[in-house]
Amino acid sequence: MATKDLSQYDFNSVPSAENMKFGIVVAEWNPEVTFALANGAVETLKKHGAKENQIAVKYVPGSFELPLGAQFLAEYGDVDAVIILGCVIQGETRHFDYICEGVTQGIKDLNLKYNKPFIFGLLTTNNQQQALDRAGGKHGNKGDEAAVTAIKMVDLKRSFQ
Ligand code: DLZ
């Protein structure tokens with residue numbers, strides 16, 4: 001994936017997602033950002049062959065709830081990968097640090113516990129503009145990048161089976 005534009009990549013380098021099933025968990029905090037991330041992820045999965053009925057989208061109240069929402073999808077959702085989308089914007093207190101730390105460690109733990117890809121699509125920004133720039137704005141869409149990563153990781157796992 002490119003680092004400057006999150007939506008730019010070599011289309012042909014991405015395997016087909018025709019036979020893959022995805023869960024997407026989306027935080028409802030900062031919805032103008034997170035819903036745009038979710039749209040990007042869904043459209044990218046579809047571009048690579050996934051059908052609507054192979055993509056389950058679920059919502060949680062805030063980013064702190066993302067790891068558990070993702071675990072529910074892994075336990076009950078019959079998915080090959082879970083894409084985790086949220087946006088935490090720096091405020092005046094240390095709340096930001098605690099949420100980011102909890103979500104990051106939570107996602108890492110899920111990857112290793114389930115031996116399945118849980119993709120980190122959490123924007124952690126200083127302000128709303130930086131987040132919008134990465135949710136379909138001038139730096140592309142982190143949701144697109146997360147979807148491509150999910151497809152590649154499912155394909156990588158299958159290459160061992
Ligand atoms: C409480 C809180 C704050 C201050 N900021 C954000 C944020 O920027 N992004 C986000 O996704 N969620 C935020 N939350 C909510 C927490 O993630 C969580 O939902 C609540 O603390 C309840 O557990």
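1. Strand S3 (81–89) and helix H3 (95–114) each contribute at least two residues to the lining of the largest pocket. Helices (H or I, at least four residues) and strands (E, at least two) are DSSP runs, numbered from the N terminus. Please keep in mind that this is a predicted model, where local features need pLDDT of at least 70, side-chain atom pairs count only at pLDDT 80 or more, and totals for chains, interfaces and linings use all residues. Residues are numbered from 1 along each chain as its sequence is written, and side-chain values use heavy atoms, with hydrogens and water left out.

2. The volume of the largest pocket is about 270 Å³. Of its 15 lining residues, Trp29, Val88, Ile89, His95 and Ile99 are the closest to the centre. On a 1 Å grid over the protein atoms alone, a pocket is an open set of points where a 1.4 Å probe fits, with protein on both sides within 12 Å along at least five of seven lines; lining residues have an atom within 4 Å of a point. Grid points are joined across faces, edges and corners, and the volume is the space filled by probe spheres set on them.

3. Which residues surround the ligand? They are Trp29, Asn30, Gly62, Ser63, Phe64, Glu65, Cys87, Val88, Ile89, His95 and Ile99 (a heavy atom within 4 Å).

4. A polar backbone atom of Phe64 is 3.0 Å from a ligand oxygen, and one of Cys87 is 2.8 Å from a ligand nitrogen. For Ile89, a backbone N or O atom lies 3.2 Å from a ligand oxygen.

5. Now to His48, in the loop between helix H1 (31–47) and strand S2 (55–60). Is His48 buried or exposed? His48 is buried, because its relative accessibility is 6% (buried is under 20% relative accessible area, with a 1.4 Å probe and protein chains only). Its side chain makes a polar contact of 2.8 Å with that of Tyr9.

6. Asn141 lies in strand S6 (residues 140–141) and is buried, with a relative accessible area of 7%. The Asn141 side chain reaches the backbone nitrogen of Gly143 at 2.7 Å.

Key. Buried < 20%, exposed > 50% of the residue type's maximum accessible area, 1.4 Å probe, protein only. Polar contact = N/O pair within 3.5 Å; in protein donor to acceptor, adjacent residues only side chain to side chain.
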